[in-house]
Amino acid sequence: MGYRALGSFFAQRGFITIIPDYRLVPEVKFPASSEDVRDAVNWVCANVDVIGVPSIPAPDLDAIFIMGHSAGDVHTKVLSLYPPVSSTVQPRLKGVIWCGGSWFMIDEKKRFKPEVPTMQYIGSEEEQRERQPKALWNALSDEQIKDHPDILLVRAEREPEWLLLTWEEIIPDIEKRRGEAPQMIIGKGHNHISPNWALCSGQGEEWGEEVVTWMKARIN
């Protein structure tokens, strides 16, 4: 229901919005869920005549944004940061919106421990160190960093403490490689779950309007 509200919200603001699903553990392991998202993007590009709507009969394939929330955020990070997957996305993405997902799973300061689903999907602690978004970002070449789509960070004001600890590092990590900090939107008053459910309710939608403004600035 929450993602229906999200789809309706962005559609009402002029964006064809497609909400794909992806397989879960224990059915699959890294990077299969990101590959599912990639396959959805590639399907869209191969079926542009199917996804058009009366107000947008000819969708612009040079204006594709991908947004993921929570675990979906991690999968979208892997989609754009892990070359075996990112190199097989057909279009060049206009932007990625990372919303409420972890930047790393292994906390070297031992402030939190990896969760069981994370271990089931990504693998051992050593594999997590290599495959977590922070590590994938740092492993990219300067040229790959330059070619990476624009990044928008979104999180709730009241995220879990362990998640906020990982977000303390994401902005400086990105700024170090790109020379400028990415924009970040904070959903005021929201917890981890509530931002998507608030859309189309008339309350707590401000973060969504800010996302729309960010996207439109990149296509106008």
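This is a predicted model: local features need pLDDT of at least 70, side-chain atom pairs count only at pLDDT 80 or more; totals for chains, interfaces and linings use all residues.
Reader: Let us take Asp 73. Where is it found?

Author: Asp 73 belongs to helix α4, residues 71-81. Helices (H or I, at least four residues) and strands (E, at least two) are DSSP runs, numbered from the N terminus.

Reader: Is Asp 73 buried or exposed?

Author: Asp 73 counts as buried because its relative accessibility is 0%. Buried means under 20% relative accessible area, exposed over 50%, and partly exposed in between (1.4 Å probe, protein chains only).

Reader: And what does its side chain reach?

Author: The side chain of Asp 73 reaches the backbone nitrogen of Cys 99 at 2.5 Å. Apart from neighbours within four places in sequence, Asp 73 is in contact (heavy atoms within 4.5 Å) with Gly 68, Trp 98, Cys 99, Gly 100, Gly 101 and Ser 102.

Reader: Cys 99 again. How many disulfides does a search of the whole structure find?

Author: Zero, where a disulfide is a pair of cysteine sulfur atoms within 2.5 Å. The closest cysteine sulfur to that of Cys 99 is in Cys 200, 15 Å away, which is too far for a bond. Cys 99 is buried, with a relative accessible area of 3%.

Reader: What about Cys 45, buried or exposed?

Author: Cys 45 is buried, with a relative accessible area of 14%. It is one of the buried residues of α2.

Reader: How many residues of α2 are buried?

Author: In α2, 11 of the 15 residues are buried, so the helix is largely enclosed by the rest of the structure. The cover over these buried residues includes α3 (48-51), β1 (65-69), α4, α5 (83-86) and α6 (116-122).

Reader: What span should α2 have?

Author: Helix α2 (residues 32-46) should span 21 Å at 1.5 Å a residue, and its end C-alpha atoms are 21 Å apart, which agrees. The expected span is 1.5 Å times one less than the number of residues.

Reader: Changing topic: what is the strand order in the sheet?

Author: The order is β1-β2-β3-β4, an open sheet of four strands with parallel pairing. At its edges are β1 and β4 (183-191), each of which pairs on one side only. Two strands pair if DSSP finds at least two bridges between them.

Reader: How many bridges join β3 to β4?

Author: Six bridges join β3 (residues 150-158) to β4, and the two run parallel. Arg 155 stands opposite Ile 186 in β4.

Reader: Which helix packs on the sheet?

Author: Helix α10 (residues 161-178) does, touching β2 (95-99), β3 and β4. The direction of α10 makes about 160 degrees with that of β3; axes are lines fitted to C-alpha atoms, for helices over the stretch in contact, and angles run from 0 to 180 degrees between N-to-C directions.

Reader: What do the buried residues of α10 pack against?

Author: They pack against α4, β2, α8 (133-139), β3 and β4. Among these buried residues are Trp 167, Asp 173 and Ile 174.

Reader: Finally, what is Glu 209 in contact with?

Author: Leaving aside neighbours within four places in sequence, Glu 209 is in contact with Phe 9 and Arg 13. Glu 209 lies in helix α12 (residues 206-217) and is partly exposed, with a relative accessible area of 33%.

Notes:
Residues are numbered from 1 along each chain as its sequence is written. Side-chain values use heavy atoms; hydrogens and water are left out. A polar contact is a pair of N or O atoms within 3.5 Å; within protein, one must be able to donate a hydrogen and the other to accept it, and residues adjacent in sequence count only if both atoms are side-chain atoms.
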